[in-house]
Amino acid sequence: MSNEDITLTAGDAEVTVQPGNGGRIGGLKVAGTQLLRQGERFGCFPMVPWCGRIRDGRFRDGATVRQMPLNSPPHAIHGTARDGAWRTARTSADEAVITYDLVDPWPHSGRVTQIVALTDSSLTLTMSVETYEDSFPAQIGWHPWFHRTLGGKAVELDFTPAWQEERGDDHLPTGNRVDPKPGPWDDCFGMPDGVDVTLTWPGELTLKVTSPEQWVVVYDEQDEAVCVEPQTGPPNGLNTHPRLVTPLEPLEATTTWTWTRL
């Protein structure tokens, strides 16, 4: 099937899926209000086969050290799948399934599948990485750009992490866990009972980002948007917290956004 944009609808919710633009969610409207920052680089893009930065673009892959392109010098950032064209496997009125085959510069073959499922009050994103050949380390995550303001009111973030990953001058975790600090943030937090972050735009909407995963990066250093990024491990996790994809065991993750109009 083609990689043209897909529109899903349920109740007064509408989602645009953009397989041809890195498999990203191009928009989420609730009652006509766009929740995601618009633009080719924004919306909500999948981070796969890694999340955030890899230190110096290098990671250990068994006995081999791999080098990824330094697309955020001096590091490599956010995986390769957001730069490629995905394919549409199937669609219905409220669900889309899209796929991406891993290619160079990623050194292993594999397939990423993303399921986008919409209801009138929630959006669930499920992603898996599978291989039929070599095993390899990988990560899965999502990078949504939520509008900072709706209806003239700035968003309020509410979450209770167990710890914050101490961030070094190179923007990567040092390996130390510290008590959560006040923002602004470009930081990774640990939530061992699962990611649970609530965004509230006063008088407009509350939106809860949840995931069974235990890691979330919160980025709110821009005026236009805030990002709440559930993921399967911390930045540089291919080196510090690798999850293995094997022919017998794919890597899978999911996140759900649930909203209520105020």
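Rings of Phe, Tyr and Trp (its six-membered ring) pair if their centres lie within 6.5 Å; planes under 30 degrees apart are stacked, those over 60 edge-to-face, and the rest tilted. Ring pairs of this kind join Trp50, Phe59, Trp106 and Phe136 into a cluster. Please keep in mind that this is a predicted model, where local features need pLDDT of at least 70 and side-chain atom pairs count only at pLDDT 80 or more, while totals for chains, interfaces and linings use all residues. Residues are numbered from 1 along each chain as its sequence is written, and side-chain values use heavy atoms, leaving out hydrogens and water.

By the ring rule there are 12 aromatic pairs. One of them joins Trp163 and Trp215 edge-to-face, 5.8 Å centre to centre with 80° between the planes. This pair links distant parts of the chain, 52 residues apart: Trp163 is in strand β20 (residues 163–167) and Trp215 in strand β25 (residues 215–219). Strands here are DSSP runs of E with at least two residues, numbered from the N terminus. Both Trp163 and Trp215 are buried, meaning under 20% relative accessible area with a 1.4 Å probe, protein chains only.

Notes. Helices (H or I, at least four residues) and strands (E, at least two) are DSSP runs, numbered from the N terminus. Buried means under 20% relative accessible area, exposed over 50%, partly exposed in between (1.4 Å probe, protein chains only).
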